[in-house]
Protein chains: 4
Amino acid sequence: MPAARPQPAATPAAPRRARRKEARPGELIEAALALFVEKGFAATRVEEVAARAGVSKGTLFLYFPSKEDLFKAVVRENIAGRFPEWDNELAQFTGDSLELVRYAMHTWWERIGMTPASGITKLVMSESGTFPEIANFYQQEVIGPGHALLRRILQRGIDRGEFRELPLDYAVYSLIAPMIFLLMWKHSMTPCCPPSERLDPITFIDTQVDLILRGMLRPRRPV
Amino acid sequence: MPAARPQPAATPAAPRRARRKEARPGELIEAALALFVEKGFAATRVEEVAARAGVSKGTLFLYFPSKEDLFKAVVRENIAGRFPEWDNELAQFTGDSLELVRYAMHTWWERIGMTPASGITKLVMSESGTFPEIANFYQQEVIGPGHALLRRILQRGIDRGEFRELPLDYAVYSLIAPMIFLLMWKHSMTPCCPPSERLDPITFIDTQVDLILRGMLRPRRPV
Amino acid sequence: MPAARPQPAATPAAPRRARRKEARPGELIEAALALFVEKGFAATRVEEVAARAGVSKGTLFLYFPSKEDLFKAVVRENIAGRFPEWDNELAQFTGDSLELVRYAMHTWWERIGMTPASGITKLVMSESGTFPEIANFYQQEVIGPGHALLRRILQRGIDRGEFRELPLDYAVYSLIAPMIFLLMWKHSMTPCCPPSERLDPITFIDTQVDLILRGMLRPRRPV
Amino acid sequence: MPAARPQPAATPAAPRRARRKEARPGELIEAALALFVEKGFAATRVEEVAARAGVSKGTLFLYFPSKEDLFKAVVRENIAGRFPEWDNELAQFTGDSLELVRYAMHTWWERIGMTPASGITKLVMSESGTFPEIANFYQQEVIGPGHALLRRILQRGIDRGEFRELPLDYAVYSLIAPMIFLLMWKHSMTPCCPPSERLDPITFIDTQVDLILRGMLRPRRPV
DNA sequence: TATGAATGAGCCTTCATTCAT
DNA sequence: CATGAATGAAGGCTCATTCAT
């Protein structure tokens with residue numbers, strides 16, 4: 001059987017020149033995310049992105065004025081505007097703060113870490129030299145809000161007497177560091193690791209959180 | 001990897017002019033490392049590398065058949081295993097294992113983290129998509145031995161009753177993660193961070209090690 | 001050339017909406033003339049023309065099969081011979097031939113030179129390399145009749161003993177040259193001239209005509 | 001006989017990759033002048049220019065950072081720096097001012113008007129809309145000095161009592177206008193004129209100069 | 001008829017690589 | 001060995017033109 005070729009007239013949809021103004025940007029961003037993450041920004045050709053989104057090169061430029069703007073849109077689309085949702089969710093959490101931290105980390109993994117969106121962070125860090133502007137943007141749109149969110153969680157634990165007094169800034173980095181590491185590791189080293197030695201994300205997160213929480217807990221005084 | 005490396009101290013420093021030819025590849029690699037780290041592989045022009053090394057574009061190609069080969073040489077040259085030296089050093093350590101861990105982390109920072117050598121890690125992770133074989137190589141030459149070294153340290157702590165029983169693999173990642181994070185952060189986000197908000201490496205390492213150690217300690221039983 | 005031109009004044013101005021369809025080509029040509037003159041043929045985008053005419057890009061192609069055809073229509077439409085009218089007007093002139101020449105030049109300025117119609121001459125000359133057939137067309141439709149008209153004026157002066165015997169062909173060019181120069185100057189150099197140094201068209205024409213007439217006059221013999 | 005093909009090894013010179021750094025810019029400018037004049041700026045491809053100069057596309061960009069800069073260089077090279085020579089030449093003229101004017105105009109024709117350099121003026125005027133910057137440059141580098149030069153000639157004639165008192169600015173335009181006209185005419189209309197009707201430049205210049213001079217002469221008072 | 005989303009050929013420009021000197 | 005002028009393949013982007021709605 002020869003390689004798959006576009007069927008003559010089987011499938012009902014997919015006309016050549018469909019007019020789908022609403023759907024295009026999202027499809028292009030999705031395609032760009034995948035390719036940027038896979039090959040890096042510079043090594044990805046806009047024509048590839050367009051092809052993957054099922055449109056022509058020209059169409060891409062109908063929606064994004066330049067390759068760099070496409071990149072920015074990818075970052076924006078996949079991160080911005082999700083913090084309000086998360087802030088809200090965490091504000092309503094009623095359990096103890098240890099549970100809250102665990103919940104936050106697992107949630108992050110499910111919604112970002114294990115999705116293609118996780119590639120963005122790798123992308124931004126990898127290309128930060130070439131696009132300082134984007135690193136800057138990321139800093140403000142993602143790092144800042146993320147930091148604030150985690151800080152609020154930790155403060156809650158301190159206020160409720162669950163955590164000891166912590167130097168907040170660095171405690172926040174304690175939570176961020178393993179997640180960033182996990183991302184970088186997953187996108188960089190995992191593909192060339194023998195499967196047996198691969199880092200299991202869930203286990204890693206559990207281990208990290210346990211370790212960190214253990215270190216943050218208010219010491220029980222002996223009777 | 002036989003590429004020239006700064007000789008120990010044998011010949012009494014030949015006159016600059018004469019030494020030149022010998023030193024060329026090293027100078028090119030050094031220049032390339034700096035630029036690749038700063039701007040990424042694709043965004044660095046070979047001409048820049050040559051200029052920074054004080055030679056012409058043509059000369060670069062006299063020593064490295066292609067830009068890719070230059071890249072590989074950069075990684076190979078800078079990864080050169082210093083593990084035997086470290087293994088030895090740590091084997092002779094006589095203090096308690098908490099001190100040993102602290103010592104190891106600070107030493108790593110002084111000898112790798114804060115030097116330009118830290119750039120190759122960033123480089124390898126950033127370009128792993130484009131150069132899978134390099135990531136593979138790095139995995140075997142650096143990750144593996146590093147892992148083993150840390151594992152030995154932790155085992156020592158357990159054996160001496162200083163640490164509780166730990167899932168070694170993941171405990172090792174607990175130590176690696178913040179260091180990798182620190183590297184990436186330093187090379188990617190720091191330049192576009194307002195100085196006031198910058199992560200201080202020493203403080204970060206101290207905080208992390210404290211946290212981790214606290215979590216790894218064998219629980220003191222109350223009297 | 002049957003393309004729509006502003007009708008004399010027959011129908012009592014149909015409502016704007018209804019008139020639209022009829023008027024489209026004319027509006028497009030008008031917009032194109034302005035833009036072609038201002039920016040040149042190649043640098044003008046059809047979308048700009050359409051926008052200026054208040055229609056969409058697609059509509060333009062409904063009336064003109066290509067950008068080149070639009071260009072040709074612009075020239076054809078604006079060249080529309082008004083020579084019969086002028087021939088007639090000048091034939092009825094009763095004053096002396098000096099006055100006639102002055103009158104002709106000023107009239108030309110008022111009806112062509114200072115109006116947007118002056119742009120086509122610039123256009124034709126500028127784009128003659130790209131559109132030789134247009135230059136040819138212009139030659140026959142405008143240059144020829146214009147030449148003939150001026151020649152008749154000069155001949156009248158000679159016949160009436162007002163002008164000396166002149167090499168007619170070149171005397172005609174003497175009258176054409178400053179007008180063409182004025183056009184090109186106005187459209188090309190004026191925008192980037194400090195206002196204080198700008199050529200005043202009326203003064204220029206007066207000066208030129210005086211000079212030329214002075215040179216063409218039959219020398220008065222001293223008493 | 002098939003179309004000419006590069007001979008195997010006949011002619012002695014013309015190696016494939018000749019290194020002729022000194023000669024390149026001039027050759028490229030010459031090629032560009034010819035093509036820009038022939039086809040206009042936009043319609044000329046840099047690759048054509050390079051090919052005509054006998055080099056590859058890349059080489060062109062070795063000497064000129066962009067197509068526009070090449071254009072500027074063409075203008076600069078063909079006009080700038082020739083005024084001092086002319087100024088000097090005219091300052092040493094000893095004949096009467098009528099002769100001087102005639103001499104100036106014929107000289108201009110021989111050194112500019114009939115050479116490819118004459119195309120530049122057409123080019124600048126045609127593309128002034130697209131490159132206001134160049135029109136501006138031309139205004140300052142060419143129009144200004146040219147104006148001053150002609151003004152000096154006329155002033156000389158007035159000072160020596162050969163010309164009557166003239167409004168200098170407009171008298172200068174009287175001399176410029178026919179030359180500019182001649183240029184535009186030659187480059188735009190001549191190619192599509194039947195040879196029999198073509199304007200002969202020398203005759204035209206003579207006629208014009210005669211006419212103008214006649215108009216500028218101090219009137220002889222009858223005895 | 002009118003619209004404007006979609007197309008894709010074409011062009012400027014970059015830069016790794018080659019090679020005559 | 002070293003140089004740097006020359007090369008040419010590759011890619012971002014534009015815009016005249018098409019066509020589904």
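Tutor: The residues of the surface near DNA strand E divide into 17 charged, eleven nonpolar and ten polar. Please keep in mind that this is a predicted model. Of the 38 residues around DNA strand E, the ones that come nearest are A:Arg19, A:Thr59, A:Tyr63, C:Thr59 and D:Arg17.

For a base, look at C:Gly58, where a polar backbone atom is 3.3 Å from a base nitrogen of DNA strand E. As for secondary structure, the elements that give two or more residues to this surface are helix H3 (57–63) of chain A, helix H3 (57–63) of chain B, helix H3 (57–63) of chain C and helix H3 (57–63) of chain D.

Now to the protein copies, taking chains A and B. Chain B is superposed on chain A by a rotation of 180° with 0.2 Å of shift along the axis, at an RMSD of 0.9 Å. The two copies are therefore related as by a two-fold rotation axis. Their contact takes 44 residues from chain A and 46 residues from chain B. Of the interface residues of chain B, 96% are also interface residues in chain A, so the copies meet through the same surface.

Between them, chain B and chain A bury about 3,800 Å², with 68% of it on carbon and sulfur atoms. The count of salt bridges between these two chains is zero, while ten residue pairs are in polar contact across the interface, both partners being at pLDDT 80 or more. On chain B, at least two residues each of the side that touches chain A come from helix H1 (16–39), helix H7 (118–126), helix H8 (132–159), helix H9 (168–188) and helix H10 (201–216). H9(B) gives the most, with twelve residues. By residue type, the side of chain B that touches chain A divides into 25 nonpolar, 13 polar and eight charged residues.

How values were computed. Residues numbered from 1 in each chain as written. Chains lettered and ligands numbered in written order. Predicted model: local features only at pLDDT ≥ 70, side-chain atom pairs only at ≥ 80, totals over all residues. Heavy atoms only, no water. Least-squares fit on C-alpha atoms with pLDDT ≥ 70 in both. Contact = heavy atoms within 4.5 Å. Buried area = accessible area lost by both parts, 1.4 Å probe. Salt bridge = Lys/Arg side-chain N within 4 Å of Asp/Glu carboxyl O. Polar contact = N/O pair within 3.5 Å; in protein donor to acceptor, adjacent residues only side chain to side chain. Helix = DSSP H or I, 4+ residues; strand = E, 2+ residues; numbered from the N terminus. Nonpolar A, V, L, I, M, F, W, Y, C, P; charged D, E, K, R; others polar. Near = heavy atom within 4 Å.
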